[in-house]
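Visitor: I would like to learn how to read the place where two chains meet. Please take it one feature at a time.

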Amino acid sequence: MIHSRNLPFVTTLAILIIAYALCVLQFPNMLSTRVIGNLLTDNAFLGIAAVGMTFVILSGGIDLSIGSVIAFTSVFVAVMVGTLGVHPLIAFAAVLVISTLFGCMMGAMIRYLGIPPFVVTLAGMFLARGAAYLISTESVPISHPMIDAIQGFYFRFPGGGRLTALAMLMLLVFIVGAFVAGRTRFGANVYAIGGNQQSAELMGVPVGSTTVGIYALSGFLSGLAGIAYTLYTSSGYSLATVGVELDAIAAVVIGGTLLTGGVGLVAGTFVGILIQGLIQTYIVFDGTLSSWWTKIVIGILLFVFIVLQRGIIWYSNRKLAEGRLKEV
Amino acid sequence: MTDSTSLLEARGIGKAFLGITALDNVDFTLERGEIHALLGENGAGKSTLIKILTGVYTRDHGTMRLDGVEVTPASVAEAQALGIGTVYQEVNLLENLTVAENLFLGRQPRKLGLIDRREMRRRSKALLARYGLDIDVDALLSSYSVAIRQIVAIARAVDLSGKVLVLDEPTASLDTHEVEMLFSVLRRLREDGLGIIIITHFLNQVYAVADRVTVLRNGRLVGTRRLSELPRLELISMMLGRELQHITREHQAQEETVADTAEAPIRFAGYGKRGSVAPFDLDIRPGEVVGIAGLLGSGRTETAFLLFGIDRADSGTASVDNQDIALSSPEAAIAKGFGFCPEERKTDGIIGDFSVADNIALALQARQGWAKPISSREKRTLAENFIKSLDIRPADTERPIKFLSGGNQQKAILARWLATEPRLLILDEPTRGIDIGAHAEILKMIERLCTEGMSLVVISSELEELTAVAHRVIVLSDRRHVAELSGDQVTADNIMQAIAASARTEAA
């Protein structure tokens, strides 16, 4: 039996399968490991960032700084490696520490100063974007034997598709993310805070450290997404990835997570990413459609999902009320 | 009560907020294997005492011993670790989690660092089986009824703490059958030696389940008594603060001003709303003060909400001057010349950041409609008149009203309605939380208004206040109008008798 709380996820999955089947009917070539491999690689950085966003939204918050942190990371890494000649691993480590601390700081402000997440992360968004411009306003190319090696690494699917290092990184992040959300106390605390922060606090959930942890995780994953983006484009550019946070939010919501927090699955976000990627792929295959159709379809899907979620809440409330009437 | 091995013993507890005393020198003792009811009207200090015992507030004075050892819990978690668990009325568990997740939040069984869901399910089943519940622990908590949620919350609290269980209004939204289910759980826990504190305002439930009762009033201890030796009437008099003695009415002089013969222009017939107040008849004559008495939760405020159109009645008719009217909203009620001063002055009455003048002009502006704004000069004149006639202090029309004392805020709200020259003014607890001087002034004002021909409905939990101002008193119990007293019958004694009588028939 499908639990009503899993209904949004199941719906999303059904939409993905149906949409993919329709695409394949029109363009049989879309049913290939090549298309799937490219889809995973092209959306790797977005997927990684969306996992962090899933935790934030599950806790009832929002993180608007993601796109800027990705841009900052890519410029930072590109300048460190491309211009200053630092070893990529050191640059990666440094930038992950910075982005994690950045997330920590935002989480602490949200929790201890009582400022809404929207405002704090909006400030974070401007701050990170500004810092990126400060480092360089140019597009900085990057080349290093190790980076070339990572970019060249892949497993070959039967049928010619490639599972690249970036795609593997994203899949790994999703798997670890799903375990953290579903099988750890930290994950349980995130759901608890998203359900009702006051109740969670009265039940002994460490709200402070969990909140800081959530935004630190989101910061870390934004940094990781930035590294993935740098590897994907072989460059760093401070004007890049504007609005990626909104794509991530869209993926999370289409994946069935309630924007009000407390309900959702990391796996749902993965499906959300795949749906966005599928639409883009379809547009490429079609060749005549403007790429803005991606935005239009995402917009429609978002509307559908918000209405669907409302409907489910309304339906389960009504069923509960009916159940009570029967008891009396 | 000098038993040194009492489970929980609090002595001389005192607490003040911003210089206002909420609890004054209260003693409280809880034995092992006892269900102890804590009673009192709104603002009596029940919740303050509970919050001190459970670590939400820290006490200013007094000592607290658990098992003979002095303790000072600084947080809910600390109280829990000491053995004191709480189940709150509303803010309770997390509806978005499953039953098992709720039971084990923060202490989930783990294997290799990951939550062991199978073990958690098994333990949840075992835990709930002790309470006679066999439910799907993997279903969301929100899919179960309030009664089951309540038992899950109790199971969690007892499993976590295990010595003292505090229940804050646990039966407020349960039906009779569910209440019985909850009580059998409580009785079993009592047999296990747990000490249980229950806050409720249903007297029948107190008698049904509790062993002893402690009554608080105005932040002071009235007494702790064994219920088997305490007649209902005496308990009510402990709560309402009136020793049983005949009190003569203090305003005989006004009696003549109300002509009994006159046809009542404002009439409610069979007026009621399911689940809120049972249908009642009420006629209100000009220059008459109708008091509404009853214990907390008896339907006092609900009656006022119906009269003022905040809640819509689903039975009966209302008429003014023999014309049927539909009170579909407060706006409609205001158009008919009704006014209402709510109980929660701070949240429902004043707009704190608005000036005194703006607050006074509010209802008049609402009646005129937004198309005809009241100029700031008119507003100031209006405010100045009322500040003078009602003696509102400080006499500053432009001061934000939140900086005024409670009594002066109440006068300003009265002024707001008087400005609309209402024919019926409903006052819900008009003297709550104001000092004695202002208290007397407001009562005097009520008397003056009715001599000017205005009709008033006054709701109060202070019986002396009601008997002092009201010509007639409607007594409410369990959301029904159970008695109407008029003339010489209006005494605190009679009101309490009426409440007790209805409670007794209820129990029978």
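**Where the chains meet**

Guide: Contact means heavy atoms within 4.5 Å. Here 33 residues of chain B are in contact with 26 residues of chain A. This is a predicted model, in which local features need pLDDT of at least 70 and side-chain atom pairs count only at pLDDT 80 or more, while totals for chains, interfaces and linings use all residues. Residues are numbered from 1 along each chain as its sequence is written, chains are lettered from A in the order in which they are written, and side-chain values use heavy atoms, with hydrogens and water left out.

Visitor: How many salt bridges does the rule find across the interface of chain B and chain A?

Guide: A salt bridge is a side-chain nitrogen of Lys or Arg within 4 Å of a carboxyl oxygen of Asp or Glu. Between chain B and chain A the count is zero.

Visitor: Which helix gives the most to the side of chain B that touches chain A?

Guide: Helices are DSSP runs of H or I with at least four residues, numbered from the N terminus. The answer is α5(B), with three residues.

Visitor: Is Cys450(B) buried or exposed?

Guide: Buried means under 20% relative accessible area, exposed over 50%, and partly exposed in between (1.4 Å probe, protein chains only). Cys450(B) has 3%, so this residue is buried. Cys104(A), at 25%, counts as partly exposed.

Note on methods
Helices (H or I, at least four residues) and strands (E, at least two) are DSSP runs, numbered from the N terminus.
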